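Morning, everyone. Let me put the model up, and then we'll walk through it piece by piece.

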Amino acid sequence: MHDHGHDHGHGHDHAHDHAHDHGHGHAHDHDHGHGHAHGHAHGHDHGHTHDHGHTHDHGHTHDHEPPLTRGAGQGKLLFLDCFSGTAGDMTIAALLDLGVPLHVVEEAVAALPLDGYRVVVGHAHRSSLVATTFDVVVEASQPERTYGAIDAMLAAAPLEEDTRALARRIFRRLGEAEARVHRMRLEDVHFHEVGAVDAIVDIVGAAACLAFLGAEVVSSPLPMGRGFVRARHGILPLPAPAAVTCLRGVPTYGVELEAEFVTPTGAAIVASASSRFERWPAFLPERVGFGAGKATFADRPNLLRVVLGSPTPSTASNSHLVVEANVDDMTGELAGHAIGALLAAGALDAWATPVTMKKGRPGLVLSALVLRGAADAVERAMLRETTTLGTRRVEVSRLELPRRIVEVTTCYGLIPVKVSGDHDAGLGHAKPEFDACARAAESHGVPVRLVLDEALRVYRSG
């Protein structure tokens, strides 16, 4: 992966930028391989990040509202308003500004075998709006990493499963774009030194934030600037070729500015995470966050706005599809593997139903519940991982009980409990998160059922 332009804008708007160095030792390199400066490639990065070395608690990014809790976006929409484009660092910054705690990003990237970097989170003023910034300081040399090595790293890392699945989807989209642009095998795509660390941190951090919220992601169409950018191996046109390839099927529009509005990493995140694209969805906004890029644009503030809100009835219906296929020549092992592949591709749920097919042959119906925007990826996974010759789609509507995550303190540690429905009306359910209970059971040397029982007991007694 080549170096498309460095640092989200060689920005001149720096008088009010305050970067607070958290010094966690994680070198968050913002895919300098793809122009995370998000702006005009003038080749004179003034470095106005002003790292004061101040250590602040993780709630400083959203002083006026309490931090969001895990699952706070369940049943809601998260709208990415990309009026100035997007990039990986801006995505994380905006989600932190929205109220996602910084430790969500820190814990996710700490699970990876990376070192020689640290996180810098701060604030910047853009057109009198105060936004959060997310930056990475690389303090040690980094090896070149291939897509194959990075995917294996993500597969083996002790990440939350929903974070891992989304991060691998995003990286695969980015890797496939680079492979197509450079006409090479996916496994051999190289992410050069700094760019590799940057892309890994941006993608895993963004995936962790989105998984933490659990909201349906909707994005605006993306602006495309013009011009050229100097990459490691030569001059490339803007928008960067890999960014355009990542955005296959995503609505875009032209902007008459010579600037990089959408980086490949930002493109891969938006394209992989979004269920659909609208100028502005019909929903009830509840909370807003801003993430700042470093460039100065002549006609707009360089910000990514994210809005969390509740869908209106018109947006809540017919938003899902069931993708299905009939198969009569698969083993149970293959069916189980296929279900896992469907979930990794973005299915909300997947299952197999035994049926009797023509001539009395036993078979299976493989089904996957998906948001509209994930249907193509799930369909491709079904065709790839099963023996079916075709799939079908069934439009469905889904009524969801309101859900939230409540963290309870047990003798085995902090355990998240998924709470759904209206308990006062007798429609409530509480279920401890099994993966967290399994980890606690392993660390304490007790059966997992004891941790499950204790978490429920503490929740009900509170």
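First, a definition: helices (H or I, at least four residues) and strands (E, at least two) are DSSP runs, numbered from the N terminus. Two notes on the source. This is a predicted model, so local features need pLDDT of at least 70 and side-chain atom pairs count only at pLDDT 80 or more, while totals for chains, interfaces and linings use all residues. Residues are numbered from 1 along each chain as its sequence is written, and side-chain values use heavy atoms, with hydrogens and water left out.

Now the overview. The protein has 12 helices and 21 strands. Of its 462 residues, 54% are buried. Buried means under 20% relative accessible area, exposed means over 50%, and partly exposed is in between, with a 1.4 Å probe and protein chains only. Next, contacts, meaning heavy atoms within 4.5 Å. Of the contacts with a separation of 6 or more, 78% link residues 24 or more positions apart.

Which order do its four strands take? The order is S16-S17-S15-S18, in an open sheet with antiparallel pairing. Pairing here needs at least two bridges found by DSSP between the two strands. Strand S16 (349–356) and strand S18 (392–396) are at the edges with a single partner strand each, so one side of each has no neighbour in the sheet. The twist from one strand to the next averages 25°.

Take one pair. Strand S15, residues 320–327, joins S18 through five bridges, in the antiparallel sense. Val 323 has Arg 393 of S18 as its bridge partner.

Two helices lie across these strands. For angles, axes are lines fitted to C-alpha atoms, for helices over the stretch in contact, and the angles run from 0 to 180 degrees between N-to-C directions. Helix H9, residues 332–344, lies across S16 and strand S17 (362–371), and runs at about 145° to S16. Helix H10, residues 375–385, lies across S15, S17 and S18, at about 155° to S17.

How do H9 and H10 pack against each other? Their angle is about 160°, and their axes are 9 Å apart. Under 35 degrees counts as roughly parallel, over 145 as roughly antiparallel, 65 to 115 as roughly perpendicular, and the rest as oblique. H9 and H10 are therefore roughly antiparallel. Their crossing is right-handed. On handedness: if the near helix is turned from the far one by less than a right angle, anticlockwise is left-handed and clockwise is right-handed. From H9, the residues in contact are His 337, Ala 338, Ala 341 and Leu 342. From H10, they meet Val 378, Ala 381, Met 382 and Glu 385.

Next, helix H4, residues 161–182. H4 has 22 residues and spans 31 Å from first C-alpha to last, close to the 32 Å expected at 1.5 Å a residue. That expected span is 1.5 Å times one less than the number of residues. Buried residues in H4 include Leu 166, Ile 170, Phe 171 and Leu 174.

H4 has a partner, helix H7, residues 264–273. Their axes come within 9 Å and cross at roughly 125°. That makes H4 oblique to H7. The crossing is right-handed. Among the H4 residues in the contact are Leu 166, Arg 169 and Ile 170, and the H7 side includes Pro 264, Ala 268 and Ile 269.

Now Met 153, in helix H3 (residues 147–156). Buried or exposed? Met 153 is buried, at 13% relative accessibility. Leaving out residues up to four places away in sequence, Met 153 touches Leu 112, Pro 113, Leu 114, Arg 145 and Ile 200. Leu 114 is 39 residues from Met 153 in sequence, and 10.0 Å away C-alpha to C-alpha.

Most residues other than glycine have a negative phi, and most peptide bonds are trans. Ser 127 has a positive phi of about 55° and is not a glycine. Ser 127 is in the loop between strand S3 (117–126) and strand S4 (129–138), and is exposed at 54% relative accessible area. Lys 359 also has a positive phi, near 60°. Lys 359 sits in the loop between S16 and S17, exposed at 78%. Finally, a cis peptide bond joins Leu 238 and Pro 239, with omega about -5°. Pro 239 lies in the loop between strand S10 (234–237) and helix H6 (241–246).
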